[in-house]
Amino acid sequence: MDRKPIPWWVSALAVVVALFFIVQPAARDRLTGAGSQALAPLSFFASNAAGGVAEFWHTLESIGTMRRTTELQKDEIDRLNFEIVRMQELEQENQDLRQLLGFKSTRPNLQLLPVRILGTDATGLIDTVIIDKGSTDGIREDMAVITWRGLAGRVIRVEPTTAFVLLVTDVSSSVAARTQDPNSRASGIVGGRKEGGLIMKDILQQELIQTGDTVITLGIGGSLPEGLPIGKVVRVQKRNIEMFQEAILEPAVDTTKLERLYAVLSDTKAN
Amino acid sequence: MRTRRFGIFFLALAVAAVLQSTFGRGLVLFTARPDPVLLLVVTFSVVRGMEEGLLGGILGGLLIDNLSAIPFGTATISMAIIGLATGLGEANVYRATFMIPLVAVFLATVFYHSVVMLSLQAIGWNVEWISTLALQTIPGAVFNAALAPLVFPIVRRLGAAGDEEERMRW
(Lines give C-alpha, C1' and ligand atoms only; values in the text may rest on other atoms or scores of the structure.)
Protein backbone atom coordinates (compact mmCIF):
# COMPACT_ATOMS: atom_id res chain seq x y z
CA MET A 1 0.00 0.00 0.00
CA ASP A 2 1.36 3.43 -1.02
CA ARG A 3 1.69 5.90 1.75
CA LYS A 4 0.57 9.46 0.85
CA PRO A 5 3.50 11.88 1.43
CA ILE A 6 2.96 14.77 3.83
CA PRO A 7 2.56 17.98 1.84
CA TRP A 8 5.61 20.25 2.03
CA TRP A 9 3.62 23.16 3.39
CA VAL A 10 2.58 21.21 6.50
CA SER A 11 6.20 20.67 7.44
CA ALA A 12 6.96 24.32 6.72
CA LEU A 13 4.03 25.42 8.86
CA ALA A 14 5.23 23.19 11.73
CA VAL A 15 8.69 24.73 11.51
CA VAL A 16 7.20 28.25 11.54
CA VAL A 17 4.96 27.47 14.54
CA ALA A 18 7.87 25.92 16.43
CA LEU A 19 10.04 28.94 15.72
CA PHE A 20 7.21 31.19 16.84
CA PHE A 21 6.90 29.45 20.22
CA ILE A 22 10.67 29.49 20.66
CA VAL A 23 10.94 33.18 20.08
CA GLN A 24 7.71 34.05 21.94
CA PRO A 25 8.01 32.63 25.55
CA ALA A 26 4.68 34.12 26.66
CA ALA A 27 2.81 32.27 23.95
CA ARG A 28 4.69 29.12 24.78
CA ASP A 29 3.72 29.43 28.44
CA ARG A 30 0.09 29.90 27.55
CA LEU A 31 0.19 26.84 25.35
CA THR A 32 1.83 24.61 27.99
CA GLY A 33 -0.62 25.94 30.63
CA ALA A 34 -3.57 25.12 28.43
CA GLY A 35 -2.10 21.71 27.68
CA SER A 36 -1.57 20.98 31.35
CA GLN A 37 -5.11 22.01 32.13
CA ALA A 38 -6.49 19.84 29.39
CA LEU A 39 -4.43 16.85 30.46
CA ALA A 40 -4.96 17.30 34.21
CA PRO A 41 -8.08 15.12 34.54
CA LEU A 42 -6.45 12.44 32.46
CA SER A 43 -3.29 12.63 34.56
CA PHE A 44 -5.39 12.55 37.70
CA PHE A 45 -7.26 9.49 36.49
CA ALA A 46 -4.07 7.79 35.35
CA SER A 47 -2.33 8.60 38.60
CA ASN A 48 -5.27 7.28 40.61
CA ALA A 49 -5.44 4.19 38.51
CA ALA A 50 -1.70 3.63 38.94
CA GLY A 51 -2.06 4.12 42.68
CA GLY A 52 -4.96 1.67 42.75
CA VAL A 53 -3.01 -0.91 40.81
CA ALA A 54 -0.02 -0.44 43.09
CA GLU A 55 -2.26 -0.76 46.11
CA PHE A 56 -3.90 -3.85 44.62
CA TRP A 57 -0.49 -5.49 44.13
CA HIS A 58 0.51 -4.41 47.59
CA THR A 59 -2.68 -5.94 49.02
CA LEU A 60 -2.04 -9.17 47.14
CA GLU A 61 1.48 -9.22 48.48
CA SER A 62 0.18 -8.47 51.98
CA ILE A 63 -2.33 -11.32 51.74
CA GLY A 64 0.47 -13.70 50.85
CA THR A 65 2.64 -12.39 53.67
CA MET A 66 -0.27 -12.45 56.09
CA ARG A 67 -1.09 -16.02 55.18
CA ARG A 68 2.50 -17.04 55.79
CA THR A 69 2.53 -15.10 59.07
CA THR A 70 -0.78 -16.66 60.14
CA GLU A 71 0.52 -20.13 59.37
CA LEU A 72 3.67 -19.43 61.34
CA GLN A 73 1.63 -18.03 64.23
CA LYS A 74 -0.70 -21.00 64.12
CA ASP A 75 2.29 -23.33 64.32
CA GLU A 76 3.62 -21.26 67.20
CA ILE A 77 0.26 -21.38 69.01
CA ASP A 78 0.13 -25.15 68.54
CA ARG A 79 3.67 -25.47 69.82
CA LEU A 80 2.90 -23.26 72.83
CA ASN A 81 -0.31 -25.16 73.57
CA PHE A 82 1.64 -28.39 73.47
CA GLU A 83 4.25 -26.78 75.71
CA ILE A 84 1.55 -25.68 78.18
CA VAL A 85 0.12 -29.20 78.33
CA ARG A 86 3.61 -30.61 78.79
CA MET A 87 4.37 -28.05 81.52
CA GLN A 88 1.11 -28.85 83.30
CA GLU A 89 1.96 -32.52 83.09
CA LEU A 90 5.46 -31.83 84.44
CA GLU A 91 3.99 -29.72 87.23
CA GLN A 92 1.63 -32.55 88.10
CA GLU A 93 4.52 -35.00 88.03
CA ASN A 94 6.63 -32.64 90.11
CA GLN A 95 3.85 -32.30 92.67
CA ASP A 96 3.43 -36.05 92.69
CA LEU A 97 7.15 -36.58 93.22
CA ARG A 98 7.17 -34.01 96.05
CA GLN A 99 4.34 -35.89 97.70
CA LEU A 100 6.20 -39.12 97.17
CA LEU A 101 9.30 -37.54 98.67
CA GLY A 102 7.25 -36.63 101.71
CA PHE A 103 5.89 -40.14 101.81
CA LYS A 104 9.39 -41.58 101.34
CA SER A 105 10.85 -39.46 104.13
CA THR A 106 8.39 -41.05 106.53
CA ARG A 107 9.29 -44.49 105.21
CA PRO A 108 12.99 -44.47 104.30
CA ASN A 109 13.04 -48.24 104.58
CA LEU A 110 11.08 -48.74 101.35
CA GLN A 111 12.98 -49.30 98.11
CA LEU A 112 10.70 -48.10 95.31
CA LEU A 113 10.71 -48.67 91.57
CA PRO A 114 8.61 -46.33 89.39
CA VAL A 115 6.31 -48.24 87.07
CA ARG A 116 3.95 -47.16 84.31
CA ILE A 117 0.54 -48.56 83.47
CA LEU A 118 0.33 -50.18 80.04
CA GLY A 119 -3.29 -51.21 80.20
CA THR A 120 -6.06 -52.76 82.20
CA ASP A 121 -7.38 -56.31 82.23
CA ALA A 122 -8.70 -57.09 78.75
CA THR A 123 -11.70 -59.02 80.05
CA GLY A 124 -12.83 -56.11 82.22
CA LEU A 125 -14.06 -58.62 84.79
CA ILE A 126 -11.21 -58.23 87.24
CA ASP A 127 -9.64 -55.06 88.54
CA THR A 128 -6.06 -55.47 87.38
CA VAL A 129 -3.56 -53.26 85.59
CA ILE A 130 -0.60 -54.24 83.46
CA ILE A 131 2.66 -52.47 84.37
CA ASP A 132 5.76 -51.92 82.27
CA LYS A 133 8.22 -53.69 84.59
CA GLY A 134 8.68 -57.41 85.05
CA SER A 135 10.95 -60.05 86.48
CA THR A 136 14.00 -58.62 84.71
CA ASP A 137 13.49 -55.39 86.68
CA GLY A 138 13.23 -57.20 89.99
CA ILE A 139 9.44 -57.44 90.21
CA ARG A 140 8.22 -60.50 92.10
CA GLU A 141 4.79 -61.89 92.89
CA ASP A 142 3.00 -60.43 95.93
CA MET A 143 5.02 -57.21 95.85
CA ALA A 144 3.09 -54.12 96.92
CA VAL A 145 2.37 -51.41 94.35
CA ILE A 146 1.72 -47.97 95.80
CA THR A 147 1.20 -44.31 95.05
CA TRP A 148 2.15 -41.56 97.50
CA ARG A 149 -1.42 -41.77 98.81
CA GLY A 150 -1.14 -45.40 99.84
CA LEU A 151 -1.60 -48.98 98.70
CA ALA A 152 -2.82 -49.45 95.13
CA GLY A 153 -2.52 -53.22 94.83
CA ARG A 154 -0.17 -56.16 94.69
CA VAL A 155 1.56 -58.07 91.92
CA ILE A 156 -0.19 -61.32 91.04
CA ARG A 157 1.51 -62.39 87.81
CA VAL A 158 4.98 -61.60 86.53
CA GLU A 159 6.27 -61.82 82.98
CA PRO A 160 9.86 -60.94 81.97
CA THR A 161 9.00 -57.36 80.94
CA THR A 162 5.50 -56.82 82.33
CA ALA A 163 3.47 -57.69 85.39
CA PHE A 164 -0.19 -57.79 86.45
CA VAL A 165 -1.25 -55.89 89.54
CA LEU A 166 -4.46 -56.83 91.35
CA LEU A 167 -5.89 -53.56 92.63
CA VAL A 168 -7.16 -53.29 96.21
CA THR A 169 -10.61 -52.49 94.82
CA ASP A 170 -11.06 -55.93 93.24
CA VAL A 171 -13.45 -58.25 95.05
CA SER A 172 -10.77 -60.94 95.14
CA SER A 173 -8.20 -58.69 96.75
CA SER A 174 -7.65 -59.31 100.46
CA VAL A 175 -5.24 -57.35 102.57
CA ALA A 176 -4.66 -57.79 106.29
CA ALA A 177 -5.31 -54.39 107.83
CA ARG A 178 -5.88 -52.48 111.05
CA THR A 179 -6.99 -49.04 112.07
CA GLN A 180 -4.26 -46.50 112.67
CA ASP A 181 -5.83 -45.19 115.88
CA PRO A 182 -3.55 -46.43 118.70
CA ASN A 183 -6.52 -46.72 121.07
CA SER A 184 -8.44 -48.97 118.73
CA ARG A 185 -6.14 -51.10 116.59
CA ALA A 186 -9.14 -52.96 115.20
CA SER A 187 -7.94 -55.43 112.61
CA GLY A 188 -9.61 -57.21 109.72
CA ILE A 189 -9.35 -58.10 106.05
CA VAL A 190 -9.86 -55.43 103.40
CA GLY A 191 -11.22 -56.29 99.97
CA GLY A 192 -13.02 -54.58 97.11
CA ARG A 193 -16.74 -54.26 96.50
CA LYS A 194 -18.47 -54.54 93.14
CA GLU A 195 -20.55 -51.51 94.06
CA GLY A 196 -17.36 -49.50 94.51
CA GLY A 197 -15.10 -48.73 97.46
CA LEU A 198 -13.63 -51.17 99.94
CA ILE A 199 -14.96 -53.34 102.70
CA MET A 200 -13.12 -54.35 105.88
CA LYS A 201 -14.41 -57.69 107.10
CA ASP A 202 -13.72 -59.98 110.05
CA ILE A 203 -13.47 -57.22 112.64
CA LEU A 204 -14.24 -58.66 116.06
CA GLN A 205 -17.41 -57.31 117.68
CA GLN A 206 -15.55 -56.03 120.73
CA GLU A 207 -13.12 -53.97 118.65
CA LEU A 208 -13.71 -50.25 118.47
CA ILE A 209 -13.93 -48.85 114.95
CA GLN A 210 -15.63 -45.64 113.89
CA THR A 211 -16.27 -43.39 110.93
CA GLY A 212 -13.20 -41.39 109.92
CA ASP A 213 -10.66 -43.95 111.15
CA THR A 214 -7.72 -44.48 108.84
CA VAL A 215 -7.08 -48.09 107.89
CA ILE A 216 -3.51 -49.19 107.16
CA THR A 217 -1.77 -52.40 106.16
CA LEU A 218 -0.97 -54.78 108.96
CA GLY A 219 2.16 -56.07 107.27
CA ILE A 220 1.87 -59.70 108.28
CA GLY A 221 1.66 -62.89 106.30
CA GLY A 222 3.00 -61.48 103.07
CA SER A 223 5.32 -59.02 101.48
CA LEU A 224 3.13 -55.96 101.97
CA PRO A 225 4.92 -53.37 104.11
CA GLU A 226 3.32 -52.33 107.36
CA GLY A 227 1.56 -48.99 107.74
CA LEU A 228 0.57 -48.21 104.15
CA PRO A 229 -2.72 -46.27 104.06
CA ILE A 230 -5.56 -48.27 102.49
CA GLY A 231 -8.59 -46.09 103.15
CA LYS A 232 -10.83 -44.26 105.56
CA VAL A 233 -13.89 -45.68 107.31
CA VAL A 234 -17.09 -44.14 106.01
CA ARG A 235 -19.62 -46.50 107.58
CA VAL A 236 -19.59 -49.27 110.18
CA GLN A 237 -22.00 -52.20 109.85
CA LYS A 238 -22.45 -53.82 113.23
CA ARG A 239 -25.11 -56.38 114.15
CA ASN A 240 -25.07 -58.00 117.55
CA ILE A 241 -26.22 -61.36 116.22
CA GLU A 242 -23.09 -61.69 114.10
CA MET A 243 -19.62 -62.63 115.22
CA PHE A 244 -17.87 -59.95 113.24
CA GLN A 245 -18.56 -56.38 112.25
CA GLU A 246 -17.78 -54.80 108.89
CA ALA A 247 -16.68 -51.35 107.80
CA ILE A 248 -17.09 -49.66 104.44
CA LEU A 249 -13.98 -47.74 103.43
CA GLU A 250 -13.24 -45.01 100.97
CA PRO A 251 -10.00 -46.05 99.22
CA ALA A 252 -6.91 -43.91 99.85
CA VAL A 253 -5.95 -44.42 96.21
CA ASP A 254 -8.45 -43.68 93.45
CA THR A 255 -7.84 -46.75 91.30
CA THR A 256 -9.83 -45.31 88.41
CA LYS A 257 -7.30 -42.49 87.99
CA LEU A 258 -3.99 -44.21 88.42
CA GLU A 259 -1.01 -42.57 86.76
CA ARG A 260 2.26 -42.91 88.63
CA LEU A 261 2.79 -46.11 90.51
CA TYR A 262 5.75 -47.44 92.48
CA ALA A 263 6.54 -51.06 93.12
CA VAL A 264 7.95 -51.73 96.59
CA LEU A 265 11.05 -53.78 95.79
CA SER A 266 12.02 -54.26 99.40
CA ASP A 267 11.19 -53.16 102.89
CA THR A 268 14.43 -53.09 104.89
CA LYS A 269 12.48 -52.61 108.11
CA ALA A 270 10.60 -55.83 107.50
CA ASN A 271 13.78 -57.65 106.50
CA MET B 1 -7.07 -65.78 49.89
CA ARG B 2 -7.98 -67.39 53.16
CA THR B 3 -4.50 -66.56 54.51
CA ARG B 4 -4.92 -62.93 53.51
CA ARG B 5 -8.38 -62.76 55.04
CA PHE B 6 -7.08 -64.26 58.25
CA GLY B 7 -4.15 -61.86 58.18
CA ILE B 8 -6.53 -58.89 58.04
CA PHE B 9 -8.82 -60.45 60.63
CA PHE B 10 -5.95 -61.16 62.99
CA LEU B 11 -4.70 -57.58 62.58
CA ALA B 12 -8.18 -56.28 63.41
CA LEU B 13 -8.32 -58.60 66.43
CA ALA B 14 -4.91 -57.43 67.65
CA VAL B 15 -5.90 -53.75 67.33
CA ALA B 16 -9.21 -54.47 69.11
CA ALA B 17 -7.45 -56.35 71.92
CA VAL B 18 -4.92 -53.56 72.49
CA LEU B 19 -7.68 -50.93 72.42
CA GLN B 20 -9.75 -53.02 74.80
CA SER B 21 -6.86 -53.21 77.25
CA THR B 22 -5.60 -49.66 76.88
CA PHE B 23 -8.86 -47.74 76.68
CA GLY B 24 -11.17 -50.33 78.22
CA ARG B 25 -11.99 -48.18 81.23
CA GLY B 26 -12.61 -45.14 79.08
CA LEU B 27 -15.17 -47.03 76.99
CA VAL B 28 -17.40 -47.86 79.94
CA LEU B 29 -20.98 -46.62 79.60
CA PHE B 30 -22.52 -46.62 83.08
CA THR B 31 -21.27 -50.07 84.07
CA ALA B 32 -21.32 -51.62 80.59
CA ARG B 33 -18.00 -52.21 78.91
CA PRO B 34 -17.84 -53.24 75.25
CA ASP B 35 -15.83 -56.24 74.16
CA PRO B 36 -14.54 -55.55 70.63
CA VAL B 37 -12.61 -58.83 70.38
CA LEU B 38 -15.67 -60.90 71.26
CA LEU B 39 -17.75 -58.87 68.83
CA LEU B 40 -15.27 -59.53 66.03
CA VAL B 41 -15.08 -63.25 66.81
CA VAL B 42 -18.87 -63.66 66.84
CA THR B 43 -19.50 -61.64 63.69
CA PHE B 44 -16.62 -63.33 61.87
CA SER B 45 -17.87 -66.81 62.68
CA VAL B 46 -21.42 -65.78 61.73
CA VAL B 47 -20.11 -64.74 58.31
CA ARG B 48 -17.51 -67.45 57.76
CA GLY B 49 -19.01 -70.46 59.51
CA MET B 50 -17.84 -73.01 62.04
CA GLU B 51 -14.38 -73.87 60.75
CA GLU B 52 -13.09 -70.34 60.38
CA GLY B 53 -15.08 -69.22 63.42
CA LEU B 54 -13.22 -71.74 65.57
CA LEU B 55 -9.87 -70.47 64.31
CA GLY B 56 -10.95 -66.86 64.82
CA GLY B 57 -12.07 -67.67 68.35
CA ILE B 58 -8.75 -69.28 69.19
CA LEU B 59 -6.82 -66.25 67.86
CA GLY B 60 -9.02 -63.76 69.72
CA GLY B 61 -8.88 -65.80 72.91
CA LEU B 62 -5.10 -66.07 72.80
CA LEU B 63 -4.81 -62.30 72.50
CA ILE B 64 -7.11 -61.76 75.48
CA ASP B 65 -5.29 -64.39 77.54
CA ASN B 66 -2.09 -62.45 76.99
CA LEU B 67 -3.64 -59.20 78.15
CA SER B 68 -5.45 -60.50 81.17
CA ALA B 69 -4.65 -61.97 84.56
CA ILE B 70 -7.34 -64.66 84.23
CA PRO B 71 -6.02 -68.26 84.16
CA PHE B 72 -4.27 -68.69 80.84
CA GLY B 73 -6.40 -70.53 78.29
CA THR B 74 -9.77 -69.48 79.71
CA ALA B 75 -10.42 -66.88 77.02
CA THR B 76 -8.99 -69.13 74.29
CA ILE B 77 -11.25 -72.05 75.17
CA SER B 78 -14.39 -69.97 75.70
CA MET B 79 -13.91 -67.95 72.51
CA ALA B 80 -13.15 -71.11 70.51
CA ILE B 81 -16.47 -72.55 71.73
CA ILE B 82 -18.22 -69.29 70.88
CA GLY B 83 -16.64 -69.25 67.40
CA LEU B 84 -17.74 -72.81 66.82
CA ALA B 85 -21.26 -72.39 68.16
CA THR B 86 -22.08 -69.10 66.44
CA GLY B 87 -20.60 -70.41 63.21
CA LEU B 88 -23.02 -73.34 63.13
CA GLY B 89 -25.79 -71.48 61.38
CA GLU B 90 -23.44 -69.44 59.22
CA ALA B 91 -24.69 -66.47 57.26
CA ASN B 92 -27.65 -68.36 55.71
CA VAL B 93 -29.49 -68.63 58.99
CA TYR B 94 -28.56 -65.14 60.14
CA ARG B 95 -29.72 -63.58 56.93
CA ALA B 96 -33.21 -64.81 57.72
CA THR B 97 -33.67 -62.39 60.53
CA PHE B 98 -31.69 -59.38 61.60
CA MET B 99 -32.26 -60.14 65.27
CA ILE B 100 -30.30 -63.39 65.31
CA PRO B 101 -26.78 -61.85 65.20
CA LEU B 102 -27.79 -59.52 68.04
CA VAL B 103 -29.05 -62.43 70.13
CA ALA B 104 -25.88 -64.40 69.25
CA VAL B 105 -23.65 -61.55 70.50
CA PHE B 106 -25.76 -61.15 73.66
CA LEU B 107 -25.62 -64.86 74.49
CA ALA B 108 -21.93 -65.11 73.60
CA THR B 109 -21.12 -62.30 76.07
CA VAL B 110 -23.07 -63.98 78.86
CA PHE B 111 -21.41 -67.32 78.10
CA TYR B 112 -17.92 -65.80 77.90
CA HIS B 113 -18.27 -63.91 81.20
CA SER B 114 -19.66 -67.01 82.90
CA VAL B 115 -16.74 -69.16 81.76
CA VAL B 116 -14.23 -66.53 82.94
CA MET B 117 -15.95 -66.26 86.34
CA LEU B 118 -16.10 -70.06 86.68
CA SER B 119 -12.40 -70.35 85.94
CA LEU B 120 -11.59 -67.62 88.47
CA GLN B 121 -13.70 -69.38 91.07
CA ALA B 122 -11.96 -72.66 90.28
CA ILE B 123 -8.58 -71.19 91.24
CA GLY B 124 -9.92 -69.71 94.45
CA TRP B 125 -10.81 -66.16 93.48
CA ASN B 126 -13.74 -64.49 95.13
CA VAL B 127 -16.47 -64.17 92.51
CA GLU B 128 -19.67 -62.28 93.20
CA TRP B 129 -21.94 -63.85 90.62
CA ILE B 130 -25.09 -61.82 91.15
CA SER B 131 -23.45 -58.40 91.20
CA THR B 132 -21.09 -59.25 88.32
CA LEU B 133 -23.99 -60.49 86.20
CA ALA B 134 -26.13 -57.49 87.10
CA LEU B 135 -23.47 -54.79 86.86
CA GLN B 136 -21.13 -56.08 84.17
CA THR B 137 -22.33 -59.08 82.20
CA ILE B 138 -25.88 -58.08 81.28
CA PRO B 139 -25.08 -54.38 80.60
CA GLY B 140 -21.98 -55.48 78.65
CA ALA B 141 -24.03 -58.00 76.63
CA VAL B 142 -26.58 -55.29 75.76
CA PHE B 143 -23.78 -52.90 74.79
CA ASN B 144 -22.12 -55.52 72.58
CA ALA B 145 -25.46 -56.42 70.97
CA ALA B 146 -26.07 -52.75 70.25
CA LEU B 147 -22.66 -52.48 68.57
CA ALA B 148 -23.16 -55.65 66.51
CA PRO B 149 -25.11 -53.95 63.66
CA LEU B 150 -22.15 -51.59 63.19
CA VAL B 151 -19.50 -54.31 63.16
CA PHE B 152 -21.43 -56.96 61.25
CA PRO B 153 -21.48 -55.22 57.81
CA ILE B 154 -17.74 -54.51 57.98
CA VAL B 155 -16.85 -58.10 58.85
CA ARG B 156 -19.31 -59.42 56.22
CA ARG B 157 -17.60 -57.28 53.62
CA LEU B 158 -14.21 -58.63 54.63
CA GLY B 159 -15.48 -62.21 54.32
CA ALA B 160 -17.41 -61.63 51.10
CA ALA B 161 -14.42 -60.00 49.39
CA GLY B 162 -12.54 -63.24 49.81
CA ASP B 163 -15.38 -65.26 48.36
CA GLU B 164 -15.55 -63.10 45.24
CA GLU B 165 -11.89 -63.63 44.49
CA GLU B 166 -12.13 -67.35 45.17
CA ARG B 167 -15.15 -67.65 42.88
CA MET B 168 -13.36 -65.74 40.12
CA ARG B 169 -10.37 -68.04 40.39
CA TRP B 170 -12.61 -71.07 39.89
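The model is predicted. Chain B holds seven helices and zero strands, whereas chain A is divided into domain 1 (9–106) and domain 2 (111–267).

**Chain B overall**

- Read from the N terminus, the elements of chain B run α-α-α-α-α-α-α.
- Chain B has 170 residues, and 44% of them count as buried.
- Among contacts in chain B with a separation of 6 or more, 72% come from residues 24 or more positions apart.

**Helices α3 and α4 of chain B**

- Helix α3 (residues 50–66) of chain B packs against helix α4 (residues 74–87) of chain B at an angle of about 155°, and their axes are 7 Å apart.
- Angles over 145 degrees count as roughly antiparallel, and α3(B) and α4(B) are therefore roughly antiparallel to each other.
- The crossing in which α3(B) passes α4(B) is right-handed.
- On the α3(B) side the contact includes Met50(B), Leu54(B), Ile58(B), Leu62(B), Ile64(B) and Asp65(B), and also the glycines Gly53(B), Gly56(B), Gly57(B), Gly60(B) and Gly61(B).
- On the α4(B) side, the residues met include Thr74(B), Ile77(B), Met79(B), Ala80(B), Ile82(B), Gly83(B), Leu84(B) and Gly87(B).
- By class, the residues of this contact between α3(B) and α4(B) are 11 nonpolar, 11 polar and one charged.

**The loop between α3 and α4 of chain B**

- Phe72(B) sits in the loop between α3 and α4 of chain B.
- With 13 other C-beta atoms within 10 Å, Phe72(B) is partly exposed.
- Phe72(B) and Leu62(B) are 10 residues apart in sequence, and their C-alpha atoms are 8.5 Å apart in space.
- Leu62(B) is also one of the α3(B) residues that meet α4(B).

**Helices α2 and α6 of chain B**

- Helix α2 (residues 36–48) of chain B and helix α6 (residues 99–122) of chain B cross at roughly 130°, with axes that come within 10 Å.
- That angle makes α2(B) oblique to α6(B).
- The crossing of α2(B) and α6(B) is right-handed.
- From α2(B), the residues Leu38(B), Leu39(B), Val42(B), Thr43(B) and Val46(B) meet Pro101(B), Ala104(B), Val105(B), Ala108(B), Thr109(B) and Tyr112(B) of α6(B).

**Contact between chains A and B**

- Chain A gives 18 residues to the contact and chain B gives 23 residues.
- In chain A, β1 (110–120), β2 (128–131), β4 (150–158) and β5 (163–167) each supply at least two residues of the side that touches chain B.
- That side of chain A divides into eight nonpolar, seven polar and three charged residues.

**Domains of chain A**

- The centres of domain 1 of chain A and domain 2 of chain A, taken over C-alpha atoms, are separated by 69 Å.

**Residues of chain A with positive phi**

- Asp142(A) is not a glycine, yet its phi is positive at about 75°.
- Asp142(A) lies in the loop between β2 and β3 (144–147) of chain A, and Asp142(A) is exposed, with 12 other C-beta atoms within 10 Å.
- Asp202(A), also a residue other than glycine, has a positive phi near 55°.
- Strand β8 (residues 198–204) of chain A contains Asp202(A), which is partly exposed, with 14 other C-beta atoms within 10 Å.

How values were computed:
Residues are numbered from 1 along each chain as its sequence is written. Chains are lettered from A and ligands numbered from 1 in the order in which they are written. This is a predicted model: local features need pLDDT of at least 70, side-chain atom pairs count only at pLDDT 80 or more; totals for chains, interfaces and linings use all residues. Axes are lines fitted to C-alpha atoms, for helices over the stretch in contact, and angles run from 0 to 180 degrees between N-to-C directions. Helices (H or I, at least four residues) and strands (E, at least two) are DSSP runs, numbered from the N terminus. Angles under 35 degrees count as roughly parallel, over 145 as roughly antiparallel, 65 to 115 as roughly perpendicular and the rest as oblique. A crossing is left-handed if the near helix is turned anticlockwise from the far one by less than a right angle, and right-handed if clockwise. Two residues are in contact if their C-beta atoms, placed from the backbone, lie within 7 Å. Ala, Val, Leu, Ile, Met, Phe, Trp, Tyr, Cys and Pro count as nonpolar, Asp, Glu, Lys and Arg as charged, and the others, Gly among them, as polar. Domain bounds come from an automatic or database domain assignment. A residue is buried if 20 or more other C-beta atoms lie within 10 Å of its own, exposed if 12 or fewer, and partly exposed in between; C-beta atoms are placed from the backbone.
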